[in-house]
Amino acid sequence: MCLVCNKSYIGGEAHALRHSKNKFHVKNFEAKQHTTDLANLCSSNVEFKKSVMLQKSVENAELKLSGFIAEHNLPFRVMEHLPEILKIVFPDSVIAGKITCGRDKTRNIIVKKLAPNADQALSEKLQKCKFSILLDESTDKSVVKSMAVVARFWCPQLKRVCDRLLGLVKVPSATAQIMKGEVDKLLSIRNIPKENCIGFRWDNASVNMGEVTGLKALVKIDNPYVIVVGCVCHSLALCASNASKEIPLEFDEFVRDVYNYIQHSPKRIAAYAEFQGITDTKNHRLLKVCDVRWLSLESVVMRILEQWRALKVYFYEEFKAIKSASAEKVLKMMENVYTKLYLQFLASFCRKSTS
């Protein structure tokens, strides 16, 4: 029986040898060499499908890792080490063993895949729903003015209000006409109808809130019914700044002198730590008043009241030892009973204001 020709014949070894040289047998044998067996074909298809599924799983894992890096604003350099750690932590995982996503590949995935898809999805949402725009301009280290454009809208899928970056636009100067033109250009490029924008929000600078030539007046021309709201945080900061001017000068100097005398000297910091231990006071650092963040005054006052006993003993011993004029000035303020009463009043007032 010849399995190649699928024919039977009668004879011995000589007949088999003669049949193997037959041109029909040779032709059938060559054809069979290039024909895949059905069992092998099914097996190779299964292996191929498994290989494709594994490759898709690896690509999905790399997308998830790149998205994690972008979402949490982590440096791309993390991906030089994270895949290797995953291989060690999950030695039995085939997917983790095949992840080859370094710094450059992660950047390309975020810039060329994730970012365009996210931008397209955002544009499609804003084309169908109402939204508001939040603007703020800033100057970076390269002295280039940039304007951040953020869209705020209701997301039915997440069932909450979402803020998404619509664009970071470079502007030659922060004038109302230029900012208005850049916003209109950005909406036009993304095919987002201007009618869908029902509100604007920015800081309270005159270039923004001007009733005649300000950005507020320009957007009102396109839509008289658009809602324009100034920045509440900016307003509160201005209120706090003006309110802080009513604080008597001697108390403002007192909280600054306490910090400057101790925290600018490692030797005095170490000495003060010993007095904290002697008076059973918590070993906390003194805080500094920030000139542009007047709400920081609350934490500074609270820390001085917490450290009052240790501070009073420290400055008494400091003045006694070296007769320092600065230490004497602080000590006289601490010996004045009205100083602590005023600080307690400020602390109580700040707590009520922030709550």
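Mentor: Here come the labels, taken one at a time. This is a predicted model, where local features need pLDDT of at least 70, side-chain atom pairs count only at pLDDT 80 or more, and totals for chains, interfaces and linings use all residues. Residues are numbered from 1 along each chain as its sequence is written, and side-chain values use heavy atoms, with hydrogens and water left out.

Trainee: Why is Asn 208 called buried?

Mentor: Buried means under 20% relative accessible area, with exposed over 50% and partly exposed in between (1.4 Å probe, protein chains only). Asn 208 has 1% relative accessibility, so it counts as buried.

Trainee: Where does Asn 208 sit, and what is it in contact with?

Mentor: Asn 208 is in helix H8, residues 206–209; helices are DSSP runs of H or I with at least four residues, strands are E runs of at least two, and both are numbered from the N terminus. Contact means heavy atoms within 4.5 Å. Leaving aside neighbours within four places in sequence, the contacts of Asn 208 include Glu 137, Trp 202 and Lys 216.

Trainee: Is Cys 162 buried or exposed?

Mentor: Cys 162 is at 1% relative accessibility, so buried. Cys 101 is also at 1%, and therefore counts as buried.

Trainee: How many cavities of 30 Å³ or more does a search of the whole structure find?

Mentor: One. A cavity is a set of points, on a 1 Å grid over the protein atoms alone, where a 1.4 Å probe fits but cannot get out, and lining residues have an atom within 4 Å of a point. Grid points are joined across faces, edges and corners, and the volume is the space filled by probe spheres set on the points. The largest cavity holds about 40 Å³.

Trainee: What lines the largest cavity?

Mentor: Ile 247, Phe 251, Asp 252, Val 255, Leu 297, Leu 343 and Leu 346. By class that gives six nonpolar, no polar and one charged; Asp, Glu, Lys and Arg count as charged, Ala, Val, Leu, Ile, Met, Phe, Trp, Tyr, Cys and Pro as nonpolar, and the others, Gly among them, as polar. H11 (249–263) and H16 (337–354) each supply at least two lining residues, and H11 has the largest share, three.

Definitions and conventions. 1 Å grid on protein atoms, 1.4 Å probe; cavity = no way out; pocket = protein on both sides within 12 Å on 5 of 7 lines; lining within 4 Å.
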